[in-house]
Amino acid sequence: MPLRGSSPSVRPVGSGRTGAATAEQGGPRRDARTATRPASRGARAERLAPYVLVAPAVLILVTLRLWPLVLGVNYSFTGDGAYNGTPVGLSNYLELAGDPLFRTSLRNVGLLVLLLPVAVAIPGLLATFIYLRVPGHRVYRSVYFFPAVLSPVIVGAIVNLMLGYDGPLNAVLAMAGAGPVDWLGDPGIAMFTVVGVHVWATFGMALVVFLAGFSTLDASLLDAARVDGASLRQVIRHVIIPGLTRTIQFVFVTTMIGMLTSMFGLLFVMTSGGPEGSTYLPEYYIWHQQGQMNRPALASAASTVLFVVMLVVGLLQITLLRRSGRQD
């Protein structure tokens with residue numbers, strides 16, 4: 001019997017049950033918190049992982065590409081000779097605008113832009129024939145790629161022997177009743193000759209890129225076109241070109257960059273910028289001003305102009321190709 005005045009034992013029992021329930025409820029809450037912490041850390045690590053992986057490449061690009069580019073642009077606004085390191089404003093760019101050799105080099109850049117579709121169409125058509133397995137396609141693949149492994153100096157020396165005024169090519173033309181052609185001495189055709197040799201010597205890489213693009217092409221579309229009786233021209237226009245839009249864009253841009261920055265070896269061996277400066281390109285002009293005339297600031301200005309030209313031409317190409325792809 002409980003004593004009078006003593007508190008009933010219900011409260012302690014109830015309070016104990018409440019405490020136990022609270023303890024039971026508090027346990028899972030603490031476990032959930034400790035479980036979410038590793039999960040949040042893992043999610044944070046996943047978000048940071050791409051930046052950590054890309055950071056070395058970005059650092060290399062900034063250190064070896066962007067920073068030298070900024071220094072070169074800044075150096076183009078300084079003088080040469082007695083004005084070395086002295087700011088001269090736009091004097092170098094005004095001198096470039098008045099230099100006939102630099103204007104000729106820019107005109108030749110325009111010529112390269114006009115010939116660019118031909119330089120891309122040749123490896124594209126050859127890759128198409130190889131993909132369609134024309135007779136002897138395995139041999140053609142190795143033959144077409146062989147010039148790409150040769151040095152430009154070797155290619156230029158061989159072509160000089162073949163295209164000389166008394167060379168084998170003019171001998172064949174003489175047998176056919178045509179007069180000899182001064183392939184490298186005529187200012188009107190020398191640049192076309194050098195560009196043609198460059199396209200022949202380098203289209204092997206574009207051929208490989210096109211063949212890689214063909215591996216992603218849906219073969220069922222080609223089979224459907226053949227069943228419908230489409231001609232080769234219709235297959236190329238309505239099936240192959242729309243299916244290789246991204247590959248064509250890549251080849252256009254890389255081929256243009258190669259024409260503007262990789263023809264120095266051929267120019268040096270075949271024409272040395274002649275005759276009468278008709279085969280000058282910006283890269284050859286930059287080398288001439290830097291290495292021969294000892295004018296690094298003017299060469300930096302020419303390099304800046306070349307960079308802007310390449311950027312504008314590349315953006316225009318991508319824009320036009322995207323519009324043509326949407327229309328198709």
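Q: At roughly what angle do the axes of helix α3 and helix α10 cross?
A: In this predicted model, helix α3 covers residues 100-131 and helix α10 covers residues 245-261. Two packed helices are described by the angle between their axes and the distance between the axes. For α3 and α10, the axes come within 10 Å, and they cross at roughly 135 degrees.

Q: Which term describes how α3 and α10 are oriented to each other, and what is the handedness of their crossing?
A: An angle counts as roughly perpendicular from 65 to 115 degrees and as roughly antiparallel over 145. The axes of α3 and α10 cross at roughly 135 degrees, and the two helices are therefore oblique to each other. The crossing of α3 and α10 is right-handed.

Q: How many nonpolar, polar and charged residues make up the contact of α3 with α10?
A: On the α3 side, the contact is formed by V109, L112, V113, L116, P117, A119 and V120. These meet V251, F252, T255, M256, M259 and L260 in α10. By class, the residues of this contact are twelve nonpolar, one polar and no charged.

Q: Which residues does F252 touch, not counting residues up to four places away in sequence?
A: F252 lies in helix α10 and has a relative accessible area of 15%, so it is buried. Its C-alpha atom is separated by 9.2 Å from that of A206, a residue 46 residues apart from F252 along the chain. The residues that F252 touches, not counting those up to four places away in sequence, are L116, P117, V120, Q317 and L321.

Q: What is the orientation of α4 to α7?
A: Helix α4 spans residues 137-145 and helix α7 spans residues 190-214. Their axes come within 8 Å and cross at roughly 135 degrees. That angle makes the orientation of α4 to α7 oblique.

Q: How many nonpolar, polar and charged residues are in the contact of α4 with α7?
A: From α4, the contact takes R141, Y144 and F145. From α7, it takes F203, G204, M205, L207, V208 and L211. Divided by class, the contact of α4 with α7 has seven nonpolar, one polar and one charged residues.

Q: Is H198 buried or exposed?
A: H198 is found in helix α7. Leaving out residues up to four places away in sequence, H198 touches G258, M259, S262, M263 and L266. The relative accessible area of H198 is 6%, so H198 is buried.

Q: How many residues apart in sequence are the parts that the pair of F77 and Y93 ties together?
A: A search of the whole structure finds ten aromatic pairs. One of them joins F77 and Y93, and this pair is tilted, with 5.4 Å centre to centre and 45 degrees between the planes. F77 lies in the loop between α1 (10-75) and α2 (91-98), whereas Y93 lies in helix α2, so the parts tied together are 16 residues apart in sequence.

Q: Which class of accessibility applies to F77?
A: A residue counts as buried under 20% relative accessible area and as exposed over 50%. The relative accessibility of F77 is 32%, so F77 counts as partly exposed.

Q: Which residues are linked into a cluster by ring pairs?
A: Y280 and Y284 form an edge-to-face aromatic pair, with 5.1 Å centre to centre and 90 degrees between the planes. Both Y280 and Y284 are buried. Ring pairs link these two tyrosines with others into a cluster, whose members are F264, F268, Y280, Y284 and W287.

Q: Where is the peptide bond that is cis, with omega near -5 degrees?
A: Most residues other than glycine have a negative phi, and most peptide bonds are trans. P275 lies in the loop between α11 (264-270) and α12 (282-292). The cis bond, with omega near -5 degrees, runs from G274 to P275.

Q: What is the relative accessibility of E276, and what is the relative accessible area of S272?
A: S272 lies in the loop between α11 and α12, and E276 has its place in that loop as well. Neither is a glycine, yet S272 has a positive phi of about 55 degrees and E276 a positive phi of about 60 degrees. E276 counts as exposed at 76%, whereas S272 is partly exposed at 41%.

Technical notes:
Residues numbered from 1 in each chain as written. Predicted model: local features only at pLDDT ≥ 70, side-chain atom pairs only at ≥ 80, totals over all residues. Heavy atoms only, no water. Axes fitted to C-alpha atoms, helices over the stretch in contact; angles between N-to-C directions. Helix = DSSP H or I, 4+ residues; strand = E, 2+ residues; numbered from the N terminus. Parallel < 35°, antiparallel > 145°, perpendicular 65-115°, else oblique. Left-handed = near helix turned anticlockwise from the far one by under 90°. Contact = heavy atoms within 4.5 Å. Nonpolar A, V, L, I, M, F, W, Y, C, P; charged D, E, K, R; others polar. Phe/Tyr/Trp six-rings, centres within 6.5 Å; stacked < 30°, edge-to-face > 60°. Buried < 20%, exposed > 50% of the residue type's maximum accessible area, 1.4 Å probe, protein only.
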